Amino acid sequence: MTTCPAHRPRLRRLWQLPTVRTVGAAGAATVVLAAAAALAWPWVSAAVLAAGAAGIAGHVHRNCGRVAVERRMLRALKDSAPRCPEDIEVPTLTAPVRAECGDDGVTRITAQTYHDAVRALGYTMARDRGFQLDLVRRTGSGRVAEVWGRTAVPLDTAYRRLGLAAAARAATERLAGPERDLLTAFADGVNAAFARQTPFECRFLSYRPQPWQVEDSVLTALVLSHSLSWNEEAKRAESVMRRALPGPVADFFLPGGTTSLPAGLAHHRGQEQSPDLVALDGAVPGSNCWIATGDEPLLACDLHLAFGVPNVLYEIDLAWPGTRLRGLASPGLPVALTGTNGRIVWGVTNLTADVLDLVPAGRDTLHTRTEQIRVRGRRPVTVEITTDGTMPVSQTPLCGEKIAVRWTGHDPRAADLRFHRLAHAHDVDEAVRVLDDAHGVALNVLVADRKRMAHLATGLLPRRPAGTPRTEPADGHLTGPERPRAVDPADGILVSANDAALPEDEFRIGLDLDPGHRARRIRDVLGAAERHDAAGMHALQHDIAADLYLHYRDLAVAALRPGDPVRTLLQEWDGTASTGSRAFGVLVRLRNVLARRVLAPYVAVCREYEPAFRFPFRDLDRPLRAILDARDCALLPAGTTDVDGFIAECVAAAVRERPRRWGRLNRVGLRHPLAALVPWADPVLGIRPRSQAGMLHSVRTAVPGFGAAGRIVATVDDLVTAELPAGQSGHPLSPHYADRHARWASLAPPRTRPRRTGCGHVLRPPAGR
């Protein structure tokens with residue numbers, strides 16, 4: 001192995017280990033004091049050295065357990081430290097593949113065939129993110145506790161009962177030839193990396209990852225689908241509300257309702273104001289994606305997912321004769337979720353589709369089995385799993401009734417992975433045919449070539465005719481051409497931000513769609529622009545306008561007395577979620593207070609039917625604003641005699657202390673999974689929290705634990721910009737572990753500079769082939 005500057009280990013991270021930092025600081029202080037004393041009193045110098053050594057020895061002895069674990073981590077990091085690799089043999093390669101790592105950590109792969117490029121991608125992805133790949137498949141199959149210990153038993157129990165492993169096996173058996181060949185090639189590359197190098201996390205936890213199988217990639221796809229579409233909480237809440245409230249009242253509060261107040265609404269207001277009745281601003285996986293035409297079609301896409309290190313997305317750059325594929329992929333899947341192949345450009349957002357039904361569990365069709373969860377260092381844990389056919393039976397009854405969960409993810413078509421064929425499409429027409437033939441994860445897909453553009457709903461979507469109740473189970477699934485779409489809009493702009501952008505005149509596909517604040521802002525900015533270019537697309541990705549809160553600002557200003565310092569603060573607010581804004585933090589808390597005090601009394605009756613009920617819907621501002629704008633004291637909490645007085649009281653509750661800058665309240669960091677086991681290693685493994693502009697309802701989405709896990713701006717020909725909250729590598733000593741965070745966190749325009757090549761190597765077929 002050789003070392004180049006782009007791959008030289010960054011050992012300074014090790015200084016963040018507690019013992020290294022404490023011993024280092026104490027040792028340095030001892031030496032300095034001893035040296036100073038030696039000039040006048042040599043015997044004092046010796047005493048200082050002895051005292052310092054004794055203090056260090058005492059500290060190590062008192063913390064011997066943690067010191068031993070730190071030593072194991074140091075050894076694991078050192079033994080797996082990244083180096084520029086030499087040429088590598090990869091079984092099943094048909095020809096040599098060139099791999100060059102750039103100064104951004106992205107490996108550019110040049111191969112003679114598509115499948116050789118995929119084999120090389122499997123190798124580089126496992127080299128950079130090996131533990132992440134293994135952790136995802138262990139999560140999906142409920143086998144994390146084997147290497148993690150008892151703290152992972154609840155997670156394993158949940159996934160065992162979910163049944164993703166069995167669904168992955170069924171879907172793997174049904175894979176079409178092209179997808180099976182794709183995943184086989186990818187597995188060959190992953191296993192070549194596993195055979196050559198054990199990820200540092202696996203070394204620390206004292207195990208080697210098992211060989212990667214085709215089924216593991218299918219399982220990874222189902223884990224992703226589960227994170228995007230498992231909406232059991234919303235389905236439960238709607239079912240309870242329809243039992244507890246009259247139809248018109250339930251319709252008003254549920255997603256998709258109108259702003260017209262139902263007759264006699266005040267009679268349904270209860271007394272209870274439990275603060276946990278209304279769940280506010282849950283981080284639902286989403287994304288922004290839009291296409292606009294400038295000198296050429298431009299696509300901007302930022303994928304909103306949970307934060308972590310290693311980053312949950314991985315940048316890919318593959319070339320084979322006639323094609324160069326660049327974009328972002330999910331580790332474990334050789335599929336560009338968003339990117340360009342030189343002929344078309346595409347991006348995705350979560351469709352937030354209605355893909356789950358709660359059905360009464362049959363008495364005669366229930367089957368209960370037991371499974372053993374192996375637990376590191378402890379005896380196995382036995383778990384009972386009850387199913388109704390292929391449907392898991394929920395452990396929690398719904399209004400006292402046992403229910404089963406029918407979810408599209410348990411259908412073998414839900415992981416057909418035909419989406420990957422977009423990588424070979426030549427134009428929008430061919431891309432539409434690919435998506436019409438595919439099922440898989442429910443997504444919005446925006447695609448453009450040099451002349452045309454389209455927005456399609458894709459995935460395995462239940463057939464729900466428009467007008468049917470959401471609580472009524474679906475009857476079959478939509479065919480590709482039946483799924484809604486928009487093609488070649490007159491204004492040359494397509495926008496998807498998890499909102500109701502596609503028509504649902506014939507079939508209803510969405511559930512608790514985003515209220516559309518981000519989508520409206522994107523459309524307004526694009527519509528006002530005289531010219532669209534890559535710089536403008538990037539700037540819009542970082543837009544921090546907080547239009548949602550303008551109405552709450554106006555309510556508060558009207559209710560507060562002239563001269564009130566809070567009123568003055570809110571009047572001067574610039575309308576953004578900037579880090580320096582003190583007013584925005586007040587408005588965020590004010591909205592929370594109003595939502596809980598106004599909405600909770602109306603849904604409190606639901607707890608009589610379901611003790612754990614919470615109102616989880618994102619469309620809460622519509623009913624909340626309608627009630628406040630009615631200015632009827634009877635609609636507000638009991639005892640309210642003046643609407644402005646009530647709002648002023650809520651403002652006072654929101655300002656319990658001196659307003660702080662939004663950047664103090666909105667600090668975003670990234671944590672490594674191992675930090676849950678060894679919290680003292682968080683400074684070494686994670687990225688410390690920093691102030692971030694933006695919020696859940698601004699185009700720039702960044703809140704603790706959630707936000708844009710990747711942003712790209714792309715043309716049909718190339719990837720113009722790509723930003724990740726962490727680096728390409730999953731090794732803390734790699735220079736590419738956190739090197740992209742500063743660029744991702746900055747609001748400044750990106751600096752254009754040529755991509756410099758670091759070290760390169762060749763992946764070769766085995767000798768003799």
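This is a predicted model: local features need pLDDT of at least 70, side-chain atom pairs count only at pLDDT 80 or more; totals for chains, interfaces and linings use all residues.
Along the principal axes, the C-alpha atoms fill a box of roughly 85 × 75 × 65 Å.

Of the 769 residues in the protein chain, 57% are buried. The accessible surface of the chain amounts to about 31200 Å², and carbon and sulfur atoms account for 53% of this area. Among contacts between residues at least 6 apart in sequence, 72% join residues that are at least 24 apart.

Helix α14 covers residues 517–528. The buried residues of α14 are His517, Arg518, Ala519, Ile522 and Leu526. An α-helix has 3.6 residues a turn, so residues three or four places apart point the same way. Cover for the buried residues of α14 comes from elements that include the strands β4 (288–293), β5 (297–306) and β18 (493–496). The helices α15 (534–541) and α19 (621–630) are also among the covering elements.

Helix α16, which comprises residues 550–559, contains His551. This histidine has a relative accessibility of 19% and therefore counts as buried, the cut-off being under 20%. When residues up to four places away in sequence are not counted, His551 touches Arg625 and Asp629.

Backbone geometry was examined at three loop positions. The peptide bond that joins Val309 and Pro310 is cis, with omega about -5°. Pro310 is placed in the loop between β5 and β6 (314–320). Cys399 lies in the loop between β13 (391–392) and β14 (403–407). Phi of Cys399 is near 50°, a positive value in a residue other than glycine. At 18% relative accessibility, Cys399 counts as buried. A positive phi, near 50°, is also found at Arg631, again a residue other than glycine. Arg631 is located in the loop between α19 and α20 (643–654). With a relative accessible area of 45%, Arg631 is partly exposed.

The cysteines were then considered for disulfide bonding. A disulfide requires a pair of cysteine sulfur atoms within 2.5 Å, and by this rule the count comes to 0. For Cys101, the closest cysteine sulfur is that of Cys759, at 5.6 Å, which is too far for a bond. Cys101 counts as buried, with a relative accessibility of 6%. For Cys289, the closest cysteine sulfur belongs to Cys301 and lies 3.8 Å away, also too far for a bond. The relative accessibility of Cys289 is 0%, so Cys289 counts as buried.

Conventions:
Residues are numbered from 1 along each chain as its sequence is written. Side-chain values use heavy atoms; hydrogens and water are left out. Helices (H or I, at least four residues) and strands (E, at least two) are DSSP runs, numbered from the N terminus. Buried means under 20% relative accessible area, exposed over 50%, partly exposed in between (1.4 Å probe, protein chains only). Contact means heavy atoms within 4.5 Å. The expected span of a helix is 1.5 Å times one less than its number of residues. Accessible areas come from the Shrake-Rupley method with a 1.4 Å probe; for residues, only the protein chains shown count as cover.
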